[in-house]
Amino acid sequence: MGQPLVYASYPDLADKRVLITGGGTGIGAGIVDAFVKQGAQVFFIDIAAEASKELAESLKGGKHAPVFYHCDLTDLKALSSVIAQIEKDYGAIEVLINNAANDHRHQVQDVTEKYWDDSLAVNLRHQFFCAQAVAPGMKKAGGGVILNFGSISWHLALPDLTLYMTAKAAIEGLTRGLARDLGKDGIRVNCVVPGSVLTPKQKALWHDEEGSQAILASQVLPQTVETEDIAAMVLFLSSDNARRCSGRDYFVDAGWYGA
Ligand SMILES: NC(=O)c1ccc[n+]([C@@H]2O[C@H](COP(=O)([O-])OP(=O)(O)OC[C@H]3O[C@@H](n4cnc5c(N)ncnc54)[C@H](O)[C@@H]3O)[C@@H](O)[C@H]2O)c1
C-alpha cells in the first residue's frame, strides 16, 4: 500500500450522469466513490445487494447521492429496463463504465455449453448491450463516453482462465468496433486494462502472500496496483481532458510483463 492517491479534479465531470456496472464492490466501488467525489450523479448496478446499499449509504453526503439498482447483468431484459428507468427519471446517461465481470477459474475439460454461455454472459455480453442502450441518448446529447474493462490476464496467458480471457480479449475488439461506429456521434469508447489489483475478493480467493510477491517481482514497478490507480485512469478517460482519446486500450498494471 502506497501513499493515498489524491485524484485530479475534472470540473466537466460535475453533474455528469454516470452509470457503473458492478459498482457495489471491488474496483467498481472505488470508481463509484471517485465519481461521487467529482460531484457526478452516479448510478450503479450490482447483484451484491448488501454491500451496494452500504456503499450508497456511505456516499450520500456529497453533491449527488449515488443510486443503486439491484440487477443481474446477465438478464438483458432486466438490464434494459433499469437503463430505461434511469434515463426516464434522470435523463440520458453521459458516461458508461462497463466494469462488472467474474474471473471464475475452470479446467478446459470441465467447460460445458452452459458454462461457456454463462461465462460469456457475465464477462462480455452486457458490455455490448449496455453500450447499445445508452448510445442513442449520448448521440442526442452530442456525445458521451463509454469505458469497457479488459484485463491483463490474456496478455500474459494466465492459467485456468480460458473463458474469462476469451471475453477479455473480445472486449478490446468490441472497444475498437464501438469506437469506430459511434465516433461520428461524438461518443468516445476506450478500454481500461487493469493489472493485478488486490481487492478484498482477489485476496480472499486467488492470492496468497507468496503469489502476490511473485507478481510484484514481475512488474517493472514493484508496488501494488490499488483500486484508486484504476479509478484515476477512469476519471481521466471520462473527462474532456481525454477528448482525443478513443478506440484504444489503457493499461494500469505497473508494467506487469511476466506471469
Ligand atoms: N482485480 C483485478 O486484479 C483485475 C485484474 C484485471 C481486470 N480486472 C477487471 O476489472 C473489473 C473489476 O474487477 P474486480 O476485481 O473489482 O471484480 P469483482 O469480481 O471483485 O467485482 C465485480 C462486481 O461485479 C458484480 N457482478 C458480478 N456479476 C454480476 C452480475 N451478473 N450482475 C451484476 N453485477 C455483477 C459483483 O457483485 C462485483 O461487485 C472487471 O472487469 C475485471 O475483469 C480486475
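**Helix packing and ligand surroundings**

The crossing of α1 and α9 is right-handed (the near helix is turned clockwise from the far one by less than a right angle). The model is a predicted one, in which local features need pLDDT of at least 70 and side-chain atom pairs count only at pLDDT 80 or more, while totals for chains, interfaces and linings use all residues. Residues are numbered from 1 along each chain as its sequence is written, and side-chain values use heavy atoms, with hydrogens and water left out.

Helices here are DSSP runs (H or I, at least four residues) numbered from the N terminus. The axes of α1 (residues 26–37) and α9 (residues 227–238) come within 9 Å and cross at roughly 50 degrees; axes are lines fitted to C-alpha atoms over the stretch in contact, with angles from 0 to 180 degrees between N-to-C directions.

Helices α4 (residues 113–141) and α6 (residues 162–182) have axes that come within 10 Å and cross at roughly 15 degrees. They are therefore roughly parallel (under 35 degrees). Residues in contact (heavy atoms within 4.5 Å) include W116 and F128 of α4 and Y164 and L174 of α6.

Turning to the ligand, 26 residues surround it, and the closest are T25, D46, N99, Y164 and K201 (a heavy atom within 4 Å). Among the polar contacts (pairs of N or O atoms within 3.5 Å), a ligand oxygen atom is 2.7 Å from a side-chain N or O atom of K201, and a ligand nitrogen atom is 2.9 Å from one of D72.

Key
Helix = DSSP H or I, 4+ residues; strand = E, 2+ residues; numbered from the N terminus. Polar contact = N/O pair within 3.5 Å; in protein donor to acceptor, adjacent residues only side chain to side chain. Parallel < 35°, antiparallel > 145°, perpendicular 65-115°, else oblique.
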